[in-house]
Every structure is written in structure tokens, then in C-alpha cells.
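Please read it alongside the sequence and the model.

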Amino acid sequence: MRQTKGPSGGRMRPRPGAVKRRQGKVTPAVMEEILNLLRTTTLRHIDIAKQVGVSRGSIGIIARRERLYESRPAAAPIAFRCPGCHGMIYEKPCRLCEAKAWIARQEIQDLLGYGTNPKNP
Ligand SMILES: [Zn+2]
């Protein structure tokens, strides 16, 4: 009977003289350097990878995990309740509350006879 598997029993084994591609884990010091470069520079992932000596893919994984993309897209606005009118707003101050406050000021000035309202000179 012919032997179909080699002497290794079919286990994967690198060719003799093959370059070992897999590098070690990213050490904490290297990780810190990568994060610093991602946060403070606009270097491309490939340039950071070459600089610190890890693969471009690793930089991408770290950037995604830390939400530090190359294009740095603006975060989606988050709506929240206005403490004044309880309407859903995206930024303070609330425009509705500001408008209401403005109208109230006009009405007070009208009542006091200051006459800054063009409708009621
Ligand atoms: Zn409001």
C-alpha cells in the first residue's frame, strides 16, 4: 500500500528555508506608540505599520477597536431631551427655548414700554 502522507503525518510544516511571516504580539509599548500616532498624526495606516514594524492589518484592527479611522468621520449626533421643554435636541442651547425666551423678553419690554418690538413701537 502506497503511503499518501509524508513522514510528518500530514501536519503543516513550513518548507525548509521558508521565511517566518508571523510576528509576535504587539507589545504594550508598541501599542502605545501606535495609538499615539493614530491620535496625533494623519499618517496612513501603512506608514504607521512601516514605522513601528507591525502589519498594516494590525494597525487597522487597533484603529477600528479604538474608533480611530483614517478618514476620521464625524460621530453621529446624539439626540437628548431638553431640560426646559423636554423636546429632543442635538445641541444646547435648545432653539425652541431660546425663541420662547426671546419672545418673553420682547413681551416684557413691550409691557414696560421700552418699544423695541417693531410691531408695537
Ligand atoms: Zn427646550
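Among contacts in the chain between residues at least 6 apart in sequence, what percentage join residues at least 24 apart? The figure is 28%, where two residues are in contact if their C-beta atoms, placed from the backbone, lie within 7 Å. The model is predicted, and local features need pLDDT of at least 70, side-chain atom pairs count only at pLDDT 80 or more, and totals for chains, interfaces and linings use all residues. Residues are numbered from 1 along each chain as its sequence is written.

**Overall organisation**

- The chain contains four helices and two strands, taken as DSSP runs numbered from the N terminus (helices H or I, at least four residues; strands E, at least two).
- Read from the N terminus, the order of elements is α-α-α-β-β-α.
- Of the 121 residues in the chain, 6% are buried. A residue is buried if 20 or more other C-beta atoms lie within 10 Å of its own, exposed if 12 or fewer, and partly exposed in between, with C-beta atoms placed from the backbone.

**Packing of H2 against H3**

- Helix H2 (residues 45-52) packs on helix H3 (residues 56-65) at an angle of about 115 degrees, and their axes are 8 Å apart. Axes are lines fitted to C-alpha atoms, for helices over the stretch in contact, and angles run from 0 to 180 degrees between N-to-C directions.
- H2 is therefore roughly perpendicular to H3 (angles under 35 degrees count as roughly parallel, over 145 as roughly antiparallel, 65 to 115 as roughly perpendicular and the rest as oblique).
- The crossing of H2 and H3 is right-handed, meaning that the near helix is turned clockwise from the far one by less than a right angle.
- On the H2 side the contact involves His45, Ile46, Ile48 and Ala49, and on the H3 side Arg56, Ile59, Gly60 and Ala63.
- By class, the residues of the contact of H2 with H3 are five nonpolar, two polar and one charged. Ala, Val, Leu, Ile, Met, Phe, Trp, Tyr, Cys and Pro count as nonpolar, Asp, Glu, Lys and Arg as charged, and the others, Gly among them, as polar.

**Packing of H1 against H3**

- H1 and H3 pack with their axes 11 Å apart, at an angle of about 70 degrees, and are therefore roughly perpendicular to each other.
- This crossing of H1 and H3 is also right-handed.
- Met31, Ile34, Leu35 and Leu38 of H1 make the contact with Ile59, Ile62 and Ala63 of H3.
- The contact of H1 with H3 comprises seven nonpolar, no polar and no charged residues.

- Not counting residues up to four places away in sequence, Ile34 touches Ile48, Val52, Ile59 and Ile62.
- Leu35 lies in helix H1 (residues 28-40) and is partly exposed, since 15 other C-beta atoms lie within 10 Å.
- With residues up to four places away in sequence left out, Leu35 touches Ile62 and Glu66.

**Backbone features**

- Most residues other than glycine have a negative phi, and most peptide bonds are trans.
- His86, in the loop between strand E1 (80-81) and E2, has a positive phi of about 65 degrees although it is not a glycine.
- His86 is exposed, because 9 other C-beta atoms lie within 10 Å.
- The peptide bond from Lys92 to Pro93 is cis, with omega near 0 degrees; Pro93 is in the loop between strand E2 (88-89) and helix H4 (95-111).
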